[in-house]
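Let's take a walk through this fold, starting with the whole chain and then stopping at a couple of residues.

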Amino acid sequence: MPDEKWIPKRLSFVALLSAAAAAVFAPQHGRATAGHESAARSRVVTPEEPRIQFFPLPRPRSGPTTLAIAPDGRIWFTESGGNRIGRMNPDGGGLVEFALPHPDSSPRIIARGADGSMWFSEHTGNRMGRITPDGSISEFAIPTPASQPRAIALGADGNIWFGMFGAGKVGRITPAGTITEFALPTPDSGPRALAAGPDGNIWFSEYRANKIGRITRSGRVTEFELPRPASGPGDITAGADGAMWFVELSGGMDGLKTDGNRLGRITMQGSISEYPMPEPGPSPINIAVGPDRNVWYTRGNKLGRATPDGAITEFPVGDGALAVGLSAGSDREPPTRLVDRLWFTDARGNRLGYLEFRSP
């Protein structure tokens with residue numbers, strides 16, 4: 001039986017996130033300020049909010065990292081520590097784990113492809129991977145060595161796009177496995193995450209350059225400087241409001257001292273707003289649209305929610321938890337496909353969980 005609780009009440013990658021989330025705070029409600037940081041309101045969390053249910057993984061130190069929801073509703077996830085891809089039914093049953101062909105590949109981000117398969121990045125393996133619904137795995141070597149592929153997304157062109165953090169490039173792979181690389185205008189910009197936008201383009205964060213970028217299908221790149229230095233832009237997604245939302249990391253990830261600890265929002269025209277976290281502490285990590293069409297993020301042992309006007313509320317998921325990836329089905333695409341649960345990984349607890357939404 002799964003663990004259940006009610007709200008209020010390798011692992012090098014996990015160790016890195018644990019350091020960023022060293023401080024854990026009580027539930028807080030955020031406020032955004034005007035100017036580059038837009039004014040917004042918050043509301044009180046009550047014990048009548050949705051419940052959280054957990055499903056422990058059978059193997060210790062698996063390092064569940066990110067997850068995605070397939071068209072048939074099954075949950076697919078990466079195990080960075082276990083070097084596996086996992087698949088689970090929405091009710092928590094039918095768990096199957098698929099070992100990757102090469103050791104120490106560090107599968108990082110997973111997303112659905114246009115071909116009906118799930119695609120994933122191999123961060124240290126320097127490959128892109130594809131796994132069919134029945135678990136058959138194919139791998140495709142990235143031409144640039146040590147490119148450190150991270151976030152991936154299905155583009156409007158039917159191809160998978162991916163960030164090459166160590167190479168300063170954005171890559172594209174067709175369903176047949178053909179890879180094209182696009183160098184970015186700013187050298188060593190550290191493209192950390194990317195997502196498909198409602199405009200048909202791919203939007204990405206440039207962690208080391210303090211910018212948000214946009215690349216067209218033909219490879220034309222536009223960059224937008226963030227208002228504050230050392231903001232540490234990280235994971236990014238398309239919001240239900242037609243803008244792109246992203247997290248700003250804090251701490252010292254990947255050897256860069258950043259002072260983010262905010263959510264950011266950028267319009268299709270490049271206008272940027274920022275919304276501070278409730279208080280200093282754990283860095284926000286990943287971001288997605290939830291079943292309620294608000295933006296949600298992971299931060300330490302909490303899930304956070306931001307409304308379109310930037311009002312932030314945080315929900316604890318349990319003492320000692322480390323929430324990392326999350327998905328309600330949009331998976332770095334515009335949110336046209338959402339389920340009624342917000343799934344997330346708990347890297348420290350070695351489990352998957354979901355926050356279930358109740359009808360009003």
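What follows goes from the overall picture to two individual positions.

First, some housekeeping: this is a predicted model, where local features need pLDDT of at least 70, side-chain atom pairs count only at pLDDT 80 or more, and totals for chains, interfaces and linings use all residues. Residues are numbered from 1 along each chain as its sequence is written, and side-chain values use heavy atoms, with hydrogens and water left out.

The chain has 30 strands and 1 helix (DSSP runs numbered from the N terminus: E of at least two residues for strands, H or I of at least four for helices). Of its 360 residues, 62% are buried, meaning under 20% relative accessible area with a 1.4 Å probe, protein chains only.

Now head for strand 29 (residues 341-346), where you'll find threonine 345. Threonine 345 is buried, at 0% relative accessible area. Its side chain reaches the backbone oxygen of threonine 65 at 2.8 Å, and a polar atom of that side chain sits 3.0 Å from the backbone nitrogen of glycine 325. The C-alpha atom of threonine 345 is also 6.6 Å from that of leucine 326, 19 residues away along the chain.

Next stop, a loop: phenylalanine 165 lies between strand 13 (160-164) and strand 14 (169-173). Phenylalanine 165 is buried too, with a relative accessible area of 2%. Leaving aside residues up to four places away in sequence, phenylalanine 165 touches residues including Arg150, Pro191, Tyr207 and Asp254 (contact means heavy atoms within 4.5 Å).

Methods
Buried < 20%, exposed > 50% of the residue type's maximum accessible area, 1.4 Å probe, protein only. Polar contact = N/O pair within 3.5 Å; in protein donor to acceptor, adjacent residues only side chain to side chain.
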